[in-house]
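Work through the exercises below with the sequence and the coordinates open. Each task is followed by a solution in steps.

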Number of protein chains: 2
Amino acid sequence: MTETQVISIDGMGGDDGAQMVIAGIELFAKSHLDTRFLVFGDESVLSPLLDATEFAKTRTEIRHTEKSVSMEAKPAQAVRQGKGTSMWGAIEAVKKGEASAIVSAGNTGALMAMAKLILRTMDGIHRPALCASWPTSEGFSAVLDLGADITADAEQLAEFAIMGDAFAKAVHHKENPSVALLNIGSEDMKGNDTLRYAASLLSGSEMTLNYTGFVEGNDISFGKADVIVTDGFTGNVALKTAEGAVKLVVQLLKDSLNSSTMSKIGAMLAMPALNMLKKKVDPREANGAVFLGLKGIVVKSHGGTDAFGFEKAIRVAADMGSCHFAEFIEPSLAQLKKVVEENEKNNLSATKAAE
Amino acid sequence: MTETQVISIDGMGGDDGAQMVIAGIELFAKSHLDTRFLVFGDESVLSPLLDATEFAKTRTEIRHTEKSVSMEAKPAQAVRQGKGTSMWGAIEAVKKGEASAIVSAGNTGALMAMAKLILRTMDGIHRPALCASWPTSEGFSAVLDLGADITADAEQLAEFAIMGDAFAKAVHHKENPSVALLNIGSEDMKGNDTLRYAASLLSGSEMTLNYTGFVEGNDISFGKADVIVTDGFTGNVALKTAEGAVKLVVQLLKDSLNSSTMSKIGAMLAMPALNMLKKKVDPREANGAVFLGLKGIVVKSHGGTDAFGFEKAIRVAADMGSCHFAEFIEPSLAQLKKVVEENEKNNLSATKAAE
């Protein structure tokens, strides 16, 4: 991208709030001289932090808001009382066309509800989905939906596949990402009707998407597909379960290396190697989930991240914000529409023939 | 248990077949002098292997079968051609009362289909579920359903909870296991109607089960509940996804420790500590999934395990086979039935009142 991009940021979101946010912007600003920032929040808190930066201060505009959304607020309540908060303002900047994407480390439920209300769902998309980067042996895969909704029908899964494909291209810089549906077996007949129908839609002769079939849970971490599509309940459980299991293994590794003097010396000698592993399992590296399918790019950063992690989330926002998402997915959505219509026509004639 | 227990075993199942099976029996026989074995399979293969053992040979009877089920057979096909196979014979021994449990490392789908046909579902249970041990920071938790079926309604989830409770008592020797439903949030209002209704059933005042609420995916590996209940699709995805993620981390650890001479020396010094970790993430330790809810105990061992892992599966079979499962869960099933009936009565009167 050569044009200047503007990213809108909720300055008050996250466990460490403004301090972490401004430090993250500074990190990003340092290596991206063509990006400007609109930061929403309490000016008396944000201004002194921004003044202390070297790169961010000349390219950041603070928009004062009186309120912010608490991390504990229920989504419905947050939306009702949302106007005038830093989150609301940051999202509205995208709606107004002032920014190409918005990043918040705040309350996830509130962000999704507010973004849906303000930005509205895209034409051709039935429901938005939460998409994030999953660390694999091959780099990263895109996984969605991670919990925007708890169910998805076949057509929605196919739309998720199209949006995930765009994410993998824009954020992971993959040319022709392979796309798979998450199932409990890789054979064609496995799973439920919804999955089988979604597979038939994605295999439609009109579709140019690189759909490769079903994958199982253990395939995700080994990068068997660049895009993994599932419903929000399954995706959320899969992500959190894997995170928990990895966290336990890392904790057990630490405990065992601390268990004797000899193992401590061993760990010291192996430190550079162990740091490689640490970087690979560092959740900050994969920070930045995108709420895909709205008329505007909304990026959710982990609430508990630090400046390093927040910078990654801004990076995702910049990549997605400059990829012209809507135009990007338009051809695939048109293909999907054709496949769906043809299927419906065939079913109709099959029904008529049976009558 | 003081009485002699008989375990029935499919001698031909698993990637390494008879050799691994007999070696596993020998390991178990060595430390359990009160157990006898019925092993089904090709006598010409099994006899020489058994003759070479020290402990197993005096307490094992070989029952010759001409056929065995291939690891690739489709369940329906395996059932149709099942009579006369080692798997069929081993299951039938439980049906006939000759053995208290059966263990097979063979084809999972075939084992479940055949066991269901031969043993039939227990009274008071709508559908069987696959339950296994999940390694946690606290030891092990029981997780079910891991894929016996792809859906489960609220009453079935409640039945799974009751069966999982019995498994945790018998296999993990827990006195009053905590039981939780897997969800995408721990708040009462999260998830779908099925989960909320299952929660209300398990919270019924008649229930003596130690139901503690919802848990999320990341809670599983930290042992937040002793029994984790979910439908077979979600459970299968969660288990396989966690296995894949842990496998990747362990592989990355090995790679990084092998990356330089210094790290190799470090790893050597830390070897005893690293072996502790290895033991903890060793899938053989958790081997032995039980297909719960049939009129007989059916244990599935990993196909790719070795003698050490197969011995763990026999251990699970012995624990479950001696726990008098049916009588064990009867009181809880009766309580559940009351709660369901009362709910239906209340709904009926609510409907009538509304008319």
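**Exercise 1. Backbone details in the loops**

Task: Find the loop in which His173(A) lies, and state what phi of His173(A) is.

Solution. Step 1: His173(A) sits in the loop between helix 6 and strand 7 (179-182) of chain A. Helices (H or I, at least four residues) and strands (E, at least two) are DSSP runs, numbered from the N terminus. Step 2: phi of His173(A) is near 55°, a positive value in a residue other than glycine.

Before going on, note the basis of the numbers: this is a predicted model, in which local features need pLDDT of at least 70 and side-chain atom pairs count only at pLDDT 80 or more, while totals for chains, interfaces and linings use all residues. Residues are numbered from 1 along each chain as its sequence is written, chains are lettered from A and ligands numbered from 1 in the order in which they are written, and side-chain values use heavy atoms, with hydrogens and water left out.

Task: Is the peptide bond from Leu144(A) to Asp145(A) cis or trans?

Solution. Step 1: the bond from Leu144(A) to Asp145(A) is cis, with omega near -5°. Step 3: in chain B, the peptide bond from Leu144(B) to Asp145(B) is cis, with omega near -5°, and Asp145(B) lies in the loop between strand 6 (139-144) and helix 6 (154-171) of chain B.

**Exercise 2. The sheet of chain A**

Task: Give the strand order of the sheet in chain A and name its edge strands.

Solution. Step 1: in chain A, 11 strands form an open sheet with mixed pairing, in the order 3-2-1-4-11-10-5-6-9-7-8; two strands pair if DSSP finds at least two bridges between them. Step 2: the edge strands of chain A are strand 3 (60-64) and strand 8 (211-215), each of which pairs on one side only. Step 3: from one strand to the next, the twist averages 25°. Axes here are lines fitted to C-alpha atoms, for helices over the stretch in contact, and angles run from 0 to 180 degrees between N-to-C directions.

Step 1: for one pairing, take strand 5 (residues 129-136) and strand 10 (residues 289-292) of chain A, which are antiparallel over 3 bridges. Leu130(A) has Phe291(A) of strand 10 of chain A as its bridge partner. Step 5: helix 2 (residues 43-51) of chain A packs on the sheet and touches strand 2 (35-41) and strand 3 of chain A. The direction of helix 2 makes about 165° with that of strand 3 of chain A. Contact means heavy atoms within 4.5 Å.

**Exercise 3. How the two chains are related**

**Exercise 4. The interface**

Task: Describe the contact between chain A and chain B by residues and by buried area.

Solution. Step 1: chain A gives 49 residues to the contact and chain B gives 49 residues. The copies meet through the same surface, because 100% of the interface residues of chain A are also interface residues in chain B. Step 2: the two chains bury about 4300 Å² between them, 81% of it on carbon and sulfur atoms. Buried area is the accessible area (1.4 Å probe) that two parts lose on being put together, summed over both.

Step 1: the rule finds 2 salt bridges across the interface of chain A and chain B, a salt bridge being a side-chain nitrogen of Lys or Arg within 4 Å of a carboxyl oxygen of Asp or Glu. Lys240(B) forms a salt bridge with Glu216(A), with the closest N and O atoms 2.3 Å apart. Step 4: the elements giving two or more residues to the side of chain A that touches chain B are strand 5, helix 8 (217-220), helix 9 (232-257), helix 10 (261-269) and helix 11 (271-281) of chain A. Helix 9 of chain A supplies the largest share of that side, 19 residues.
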